[in-house]
Amino acid sequence: GKSLSKTVTTPVLAMGTAAIKASLDFESSFTSVRKTVDATEAEFDALASASKTMSTQVAASTTEINETMAIAGQLGIQNDYLVDFTRTMIDLGNSTDIVANDAASTLAKFANITTMDQSQFGNLGATLVDLGNNFATTESEITAMATRLASAGTLAGLSESEILALSAAMSSVGIEAEAGGTAMTETMNAIETAVAQGNETLTEFARIAGMTSAEFAATWESDAMSALESFISGLGQLDEQGENTVLVLEDL
C-alpha cells in the first residue's frame, strides 16, 4: 500500500493538478480571444482546438498563440483566416527577429492599409522571410519600412510585393524606416500630384527619369514601380551630368 501510494497515487494526483492548472491557464489566455473576436460558440471551440493543436506543432505555448490570435481579431482579421494568420505570425516569431505579437500587429495594419486579400498572409510571411534572407537587412526593418510606405504606395498603385521589395531595397542600404519612409512617401505623393496636375513639376520628374511628360505619366499610371525606378536611376546620374542632386530635389 505504501509503495502504491508513493509510486502511483502521488504522481497521478500531481498530473491531475498540473492538468487542471494547464486548463485554467488556457481558459484565462483564451478569454482575450473571446474579447476581440466576434464568433459563435462553435467557432470559439474550433479556434480553441486549433490553438491547442498548433502548440504541439510549433515552438510556442497556447498562451502566446492565444495572445497573437486576440491581436488578429482586434485588428480585423476575418474569422476564416484567424488560424492561418496566427500560424504565420508564430512562424515569423520563431524564424526571424520579429516577435510574434509585434508581427501580428504590424502586418495586420499593413494588410488593412493595402486592402490585401487575407488569404495571402502565408505568402506575405514567405516573401518577408525570403527578402530578409537575401538582402543585407532584417525582417523587422523591412516590416517597419513597409508599414510606413503602405499608404502612399497603395495610393500610387504599388502591389504589396512591390512595397515590400522597395522597403527591402531601402533598408538594405542603411535607410532608417522613420526618415526614409517619410522621404519616400513625400516623393511618391509629389509624383502623384504632378501626374494629376500635368504641371512643370511633371516635366522635371520626366526629364530626370529620361522620358517625356506623357511617357512618364503613362508609366506612372500603369507601372508606378517602373517609373519610380527610372526616376531614382536618373537621380544617380545627375552628378555625372554636372547637376547638383540636392538642389534638384529641393526644387522638386
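Q: What should the 13 residues of α8 span at 1.5 Å a residue, and how far apart are its end C-alpha atoms?
A: The 13 residues of α8 should span 18 Å, and the end C-alpha atoms are 18 Å apart, which agrees. The expected span is 1.5 Å times one less than the number of residues. Helices are DSSP runs of H or I with at least four residues, numbered from the N terminus.

Q: Before we go on, what are the ground rules?
A: This is a predicted model, where local features need pLDDT of at least 70, side-chain atom pairs count only at pLDDT 80 or more, and totals for chains, interfaces and linings use all residues. Residues are numbered from 1 along each chain as its sequence is written, and side-chain values use heavy atoms, with hydrogens and water left out.

Q: At what angle do α7 and α8 pack?
A: Helix α7 (residues 139-156) and helix α8 (residues 160-172) pack at about 130°, with axes 8 Å apart. Axes are lines fitted to C-alpha atoms over the stretch in contact, and angles run from 0 to 180 degrees between N-to-C directions. The two helices are therefore oblique to each other; angles under 35 degrees count as roughly parallel, over 145 as roughly antiparallel, 65 to 115 as roughly perpendicular and the rest as oblique.

Q: Which residues make the contact?
A: On α7 they include Met 145, Leu 149 and Gly 153, and on α8 they include Ile 163, Ser 167 and Met 170. Contact means heavy atoms within 4.5 Å.

Q: Which residues of α8 are buried?
A: Ile 163, Leu 164, Leu 166, Ser 167, Ala 168, Met 170 and Ser 171. Buried means under 20% relative accessible area, exposed over 50% and partly exposed in between, with a 1.4 Å probe and protein chains only.

Q: What do they pack against?
A: The buried residues of α8 pack against α5 (100-114), α6 (121-134), α7, α9 (177-197) and α12 (224-238).

Q: And what comes just after α8?
A: Gly 174, with a positive phi of about 90°.

Q: Moving to α9, how far does it reach?
A: The 21 residues of α9 reach 29 Å from first C-alpha to last, close to the 30 Å expected. Its buried residues include Gly 180, Met 184 and Ile 191. Gly 198 follows α9, and its phi is positive, near 65°.

Q: Last one: is Gly 236 buried or exposed?
A: Gly 236 is exposed, with a relative accessible area of 53%. Gly 236 sits in helix α12, and its C-alpha is 9.5 Å from that of Ile 208, 28 residues apart along the chain.
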